[in-house]
Amino acid sequence: MAPGPVPPPRSGIIDTGRYLQMFFLAAAIFMAAFHARSDVFITFSIIFSAIVLEAFPFMLLGTLLGGFVEVFLSQEKLLRILPKEKKQAVVVCAFLGIIFPVCECAIVPVVRKFIQKGMPLGSAVAFLLGGPIVNPLVFSSTLVAYSFAWDVAFLRVFIGVVIAMSIGLLTDACLSKKQALLPFSGHTDGGCSHVGCTHTHGIDQNRPFGKKIMAALSHGAVDFYDIGRFLIIGAFIAAALQTLVPRQAFMAIAQGPFLAITAMMVLAVVLNLCSEADAFVAASFQPMGMPLSAQMAFMVLGPMLDIKLILMYLAVFTRRMIFFLAFQVCLSVFLAMVFLEMAQWL
Amino acid sequence: MVVKRISGPLVVLVFWIGALAWLLLDDQYQLFLAPRFGFLIYISLGACAVFCISLLAEPPGSGKDQLIKGMILLLPIVFMGAAGDSTLGSFALSKRSLTVAQKNSETGPVLGPVSEKGGEQDQDAIREISLAHLVRNWDKYNGRHIRVEGLFSKTIEGHDQLAAVFRYFITCCAADAMPVGVFLDSLPDTGDTDLKDNDWVRISGRVVMKQLDGYDIIFMETPKIEKTDKPAKNAAYIFD
């Protein structure tokens, strides 16, 4: 057996994260031990379990797909497929979700693998943000939720893609891979990059097909183990907010279109809904008089940024990159929706 | 030899397979997800099983923080077990608005109740309907006498004098649950029964639309209420 790769250096954010994770674990166990029969705990447990169960299969499929990318897609192949010119690559990657139909829970491990395989940063960001929106399943669910209002479904895709491209281009212009990526995410020698992983299959392309399949699956499993916890922590925080903060509080401040847009953006971040399901929730706000721009803000922001995604981004990006991404996404979505609202007045 | 193949990821996945199988038994998952999303559980189960086989064939190397990662991944199983057969109840209602009709300012004046005569006529034939049917076909029932079943809540957040009988509309999962039901503005006649929050009740009376905080809300007037058994494990949920 070939010697395993040297574990890459760990960033400060991961070490801090380690203590936070230990604290989180202790708090969760304490909560389960001492409040098990209270109404608050039961409500929390149901919502937490529901969010996890809904996102879990997509997370598993995402890591599975990531495993196949790791083993079957060499760096050379990926770079051959993508346009050489960075800007063109960003545009192409914003639509990549059409052929990689993954939702936002699944896309993070896939993007991580693409980055490890040498995908340019801006292109990876464009795929990360645009992928869950151009996903044909998401498009279909939007259509169904809005009673086959094609304009709403296409508007969602259009705004999502424009924002994904803009932020992708901006990322390439403002940040280098070193500034944006955690050390092991930027590992691009084409080999296995799992911390402590002793596999050699990422390098050996001459293995029999069956062995390669097994290696891809094994990689997926380890990836799931590596980043699945971020989904759990995100779902935990979202469930706590859903349990304790009244939804009326959001509705009360949603007086007027601009406040409504802001309120729905906050709600999208807090609720952590799957992009394949969020259109149904957004559409449910129609009878309450919520403007389309605010519903659209919910549907565009949700797949790009929510609590569990921010936590999952910690497995790929530096803190600086996450702040940059969060700020750009929020600002872009807000401005796009203000524009949409004003366009409706004209 | 076999012991050497046991790793943290494998143990976590085995626990998850057990939990997912338990969710499929007796459709336990419907306490968290809408039935049409049951396929998600099968996908998870399949993916976990495939991952397990691959890890047995190719055990991963040991890494850092394996125990923390594993324990965090197992947390949802603990909470699923803690939830047991419970459903969302009156506590969740206190954090969500009871969903009904459109905001008053946009729909014009609230429809008035039907005439007393009409009401008297309908009183002879109280129709037993579901809360879902009432909300979806509100126009048909305004001012009529009906009987519905649901969970009981003694008070409403911000309106201590109001009670409610409600259930939850679920589109995908319990996280998007929206309560639907009727408000009761007079203390219902409960006979000798001492009603508590989350008791299952059957309630009859005349339903009318009234305004509350600028929204049109369905109220039941002079309700008669009786405690009843929980119709089904997931009866609190109406799946869209």
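This report walks through the two chains of a predicted model, their interface and some of their side-chain pairings.

## How to read the model

Residues are numbered from 1 along each chain as its sequence is written, and chains are lettered from A, with ligands numbered from 1, in the order in which they are written. Because the model is predicted, local features need pLDDT of at least 70 and side-chain atom pairs count only at pLDDT 80 or more, while totals for chains, interfaces and linings use all residues; side-chain values use heavy atoms, leaving out hydrogens and water.

## Chain A as a whole

Let's start with chain A, which has 16 helices and 0 strands. Helices (H or I, at least four residues) and strands (E, at least two) are DSSP runs, numbered from the N terminus. Of the 346 residues in chain A, 62% are buried. Here buried means under 20% relative accessible area, exposed means over 50%, and partly exposed is in between, with a 1.4 Å probe and protein chains only.

The accessible surface of chain A is about 12800 Å², and 73% of that belongs to carbon and sulfur atoms. Such areas come from the Shrake-Rupley method with a 1.4 Å probe; for residues, only the protein chains shown count as cover. Among the contacts in chain A with a separation of 6 or more, 84% are between residues 24 or more positions apart. A contact means heavy atoms within 4.5 Å.

## Where the chains meet

The side chains of A:D226 and B:K69 meet in a salt bridge, with N and O 2.6 Å apart.

## Salt bridges within the chains

Over all chains, the whole structure holds 13 salt bridges. One of them joins A:K113 and A:D223, whose closest N and O atoms are 3.2 Å apart. A:K113 lies in helix α5 (residues 104-116) and A:D223 in helix α10 (residues 209-244), so the pair ties together parts of chain A that are 110 residues apart in sequence. Are these two residues buried or exposed? Both A:K113 and A:D223 are buried.

In chain B, B:R202 and B:E128 form a salt bridge at 3.5 Å, N to O. This pair links distant parts of the chain, with B:R202 in strand β5 and B:E128 in strand β1 (residues 127-128), 74 residues apart. B:R202 is partly exposed at 23% relative accessible area, and B:E128 is partly exposed at 47%. Another bridge joins B:K227 to B:D199, with the closest N and O atoms 3.6 Å apart. B:K227 sits in strand β6 (residues 215-227) and B:D199 in the loop between β4 and β5, 28 residues apart. B:K227 is partly exposed at 39%, whereas B:D199 is buried at 11%. Bridges that share partners also join A:R112, A:K113, A:D223, A:D226 and B:K69 into one network.

## Aromatic rings

There are 21 aromatic pairs over all chains. Rings of Phe, Tyr and Trp (its six-membered ring) pair if their centres lie within 6.5 Å; planes under 30 degrees apart count as stacked, over 60 as edge-to-face and the rest as tilted. Why is the pair of A:F139 and A:W150 tilted? Their ring centres are 6.1 Å apart and their planes are at 55°, so the pair is tilted. A:F139 is in helix α7 (residues 136-145) and A:W150 in helix α8 (residues 150-174) of chain A, 11 residues apart. A:F139 is buried, at 16% relative accessible area, while A:W150 is partly exposed, at 47%.

The rings of A:Y313 and A:F317 have centres 5.8 Å apart and planes at 70°, so this pair is edge-to-face. Both A:Y313 and A:F317 are buried. One aromatic cluster is formed by A:F24, A:F41, A:F44, A:F48, A:F236 and B:F79.

Notes: Salt bridge = Lys/Arg side-chain N within 4 Å of Asp/Glu carboxyl O.
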